[in-house]
Amino acid sequence: MSDQNILEVRDLNVAYGGIKAVKGISFDVPKGEVVTLIGANGAGKSSTLRSICGLVRPSSGSIRLNGEEIAGKTPEVIVSKHITMVPEGRRVFADLTVLENLKIGAYLRKDALDDDLAWVYDLFPRLKERSWQLAGTLSGGEQQMLAIGRALMSRPDLIMMDEPSLGLAPIVVQGVFDIIREINRQGKTILLVEQNANMALHAAHHGYVMEVGTITMSGTGRELADDESVKAAYLGKSRKA
Amino acid sequence: MKKKRDLIIGLALIVVLLVVLRILEVNISPQSQWAMLLTVLKKGSIYALVAVSMNLLNGFTGLFSLGQAGFMMIGAYTYAIFTIPVDQREMVYMYYDGGIIQFALPAVLGIILAGIAAALFAFLIGIPVLRLKSDYLAIATLGFAEIMKALFQWDSLGPLTNGSNMLRSYPTPASASVIYPFVVSGICIAIIVMLINSTYGRAFKAIRDDEIAAEAMGINLAHHKRIAFTVSSFFAGISGALLAMFQTNVQAKSFNSAMTYEILLIVVIGGIGSVTGSVISSFLFIACSEWLLRFLDEQHVIGDFTVPLLRSGFRKVVFSIIIMVIVLFFRQGIMGTREFSISGIIDKITGKSRKAKREGGNS
């Protein structure tokens with residue numbers, strides 16, 4: 001329980017009906033770092049994120065945000081504590097304009113948005129050009145930028161991203177990870193869930209590997225990226241005998 | 001500058017509209033063939049309000065509700081029950097010893113009370129029903145409307161609702177003048193438009209587009225759905241009160257599910273998610289069903305030639321075909337999700353482009 005950790009997860013269990021998706025995992029997210037959870041489909045990565053931001057009620061365990069217990073609270077309470085999620089598959093509001101999408105991101109804030117809008121437009125000049133366009137007409141990469149920009153509008157301390165590279169072309173994925181590094185450089189803590197282990201581990205300070213609901217390995221991004229079993233499982237290299 | 005210009009033009013148009021309506025009203029005698037125009041304008045403005053209120057729910061919040069006729073009925077009954085003059089009650093409630101309510105409110109209070117009553121019912125029914133989604137919500141709200149219809153005709157409630165007998169003899173300003181329903185509907189629609197353009201409206205649209213993402217943004221789904229449902233029903237109640245005035249009598253059985261479908265049709269034809277679309281299509285719909293297509297129901301003889309097919313009921317066939325054409329070729333409705341705006345037209349004429357969509361010239 002140090003002051004350095006913005007988020008501390010202990011013995012988190014998430015179940016859908018009788019099926020246990022997350023089986024007692026524990027991990028820390030230190031302030032100002034990029035932490036990644038990698039793993040295959042069904043490893044429980046998304047369930048972990050969804051339970052942290054309140055979309056799913058954890059069946060047991062503790063989630064502490066800056067030392068305060070948030071497990072089982074409603075999303076609106078959790079979002080108001082400066083934590084935000086970029087959902088899987090982008091999920092922009094297709095029939096709203098780019099600007100309206102960004103304003104929704106700041107829904108729980110009552111103060112002026114001009115500075116944050118300027119900041120987001122500065123990070124994503126493309127969004128500024130298209131601020132009156134309907135979000136549904138943007139390309140996949142632009143929608144991902146909008147989803148990240150929308151999350152930034154709530155002025156979060158911790159940003160959780162659920163597979164931001166999903167369904168994007170390699171060159172666009174590179175751009176998304178550049179943005180993640182840039183946002184981190186500006187002082188935001190990022191919890192990144194990814195299947196694209198290579199990109200994620202190179203962007204992250206710290207990584208956890210999840211398999212069928214449990215954390216099987218942890219280490220710095222570099223350590224994990226160099227680990228032979230991780231390479232074999234996620235980076236496409238054959239296991240050495 | 002531009003905002004001020006739009007405001008002045010908007011106000012001027014409203015004044016012009018009201019003057020034109022007044023001139024029409026004074027000059028059209030009830031016997032002339034144009035008398036139907038006044039009926040269309042009155043009923044059209046009433047339906048415009050209920051259509052916009054339904055659009056708030058179906059088009060802007062994405063809640064597929066079919067309870068609109070039920071809430072109109074609650075509004076219509078509330079208005080009638082509380083505004084029948086005391087000396088008329090003995091006659092109206094002849095089977096129930098003059099009823100239990102022995103006072104009468106002024107018409108304006110009656111209208112507001114009609115909205116509040118409908119909103120109250122909506123709030124209560126919304127607690128269980130709004131947990132449901134899409135078709136299930138539609139079935140539940142439709143069922144609610146049918147239950148209310150049966151309940152209001154229940155003999156034991158007779159001292160209040162007059163059982164299955166009609167309520168009448170209440171003040172009917174919306175029937176006497178075409179200005180009245182226009183002004184009341186106009187004010188209500190303006191309030192709905194303001195709501196849609198507010199932060200709440202943006203949250204409604206976010207819920208419509210993606211519930212999970214909206215929830216992740218910190219929008220309380222249950223709370224916002226309840227607000228949309230209650231507000232929509234409030235205005236449905238008010239339009240029910242106006243309809244009660246227009247018809248000069250109220251009977252529960254006229255608020256059937258066919259009425260809800262008519263309103264739904266207006267919303268779909270106008271464009272789900274377009275306020276001005278709903279308004280335009282209400283007048284078109286009422287004009288077609290009450291007036292313009294009436295000639296199809298009568299036999300016409302030109303010289304020796306009797307026009308075939310034209311007979312009672314043929315109007316409905318043509319009407320159905322028109323609806324099919326609209327559904328097939330204008331899938332988004334007349335307006336889609338666009339809005340008709342005066343400033344947009346002026347900008348087009350003067351050759352300026354304007355990206356901001358603005359609402360103008362309603363009612």
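The side chains of Arg91(A) and Asp210(B) meet in a salt bridge with an N to O distance of 2.9 Å; a salt bridge is a side-chain nitrogen of Lys or Arg within 4 Å of a carboxyl oxygen of Asp or Glu. The count between chain B and chain A is 2 salt bridges. This is a predicted model, in which local features need pLDDT of at least 70, side-chain atom pairs count only at pLDDT 80 or more, and totals for chains, interfaces and linings use all residues. Residues are numbered from 1 along each chain as its sequence is written, chains are lettered from A and ligands numbered from 1 in the order in which they are written, and side-chain values use heavy atoms, with hydrogens and water left out.

**Between chain B and chain A**

- Contact, meaning heavy atoms within 4.5 Å, involves 21 residues of chain B and 20 residues of chain A.
- The two chains bury about 2000 Å² between them, with 65% from carbon and sulfur atoms; buried area is the accessible area (1.4 Å probe) that two parts lose on being put together, summed over both.
- There are 5 residue pairs in polar contact between chain B and chain A, both residues being at pLDDT 80 or more. A polar contact is a pair of N or O atoms within 3.5 Å; within protein, one must be able to donate a hydrogen and the other to accept it, and residues adjacent in sequence count only if both atoms are side-chain atoms.
- On the side of chain B that touches chain A, helix H10 (199-209) and helix H11 (211-216) of chain B each supply at least two residues. Helices (H or I, at least four residues) and strands (E, at least two) are DSSP runs, numbered from the N terminus.
- H10(B) gives the largest share of that side, 8 residues.

**Between the domains of chain A**

- Chain A is assigned domain 1 (1-82 + 157-241) and domain 2 (94-155), with bounds that come from an automatic or database domain assignment.
- The centres of the two domains of chain A, taken over C-alpha atoms, are 24 Å apart.
- In chain A, 16 residues of domain 1 are in contact with 11 residues of domain 2.
- These domains of chain A bury about 1100 Å² between them, 77% of it on carbon and sulfur atoms.
- Across this interface of chain A the rule finds 0 salt bridges, and 2 residue pairs are in polar contact, both residues at pLDDT 80 or more.
- Helix H2 (75-79), strand E7 (158-162) and helix H7 (170-185) of chain A each supply at least two residues of the side of domain 1 that touches domain 2.
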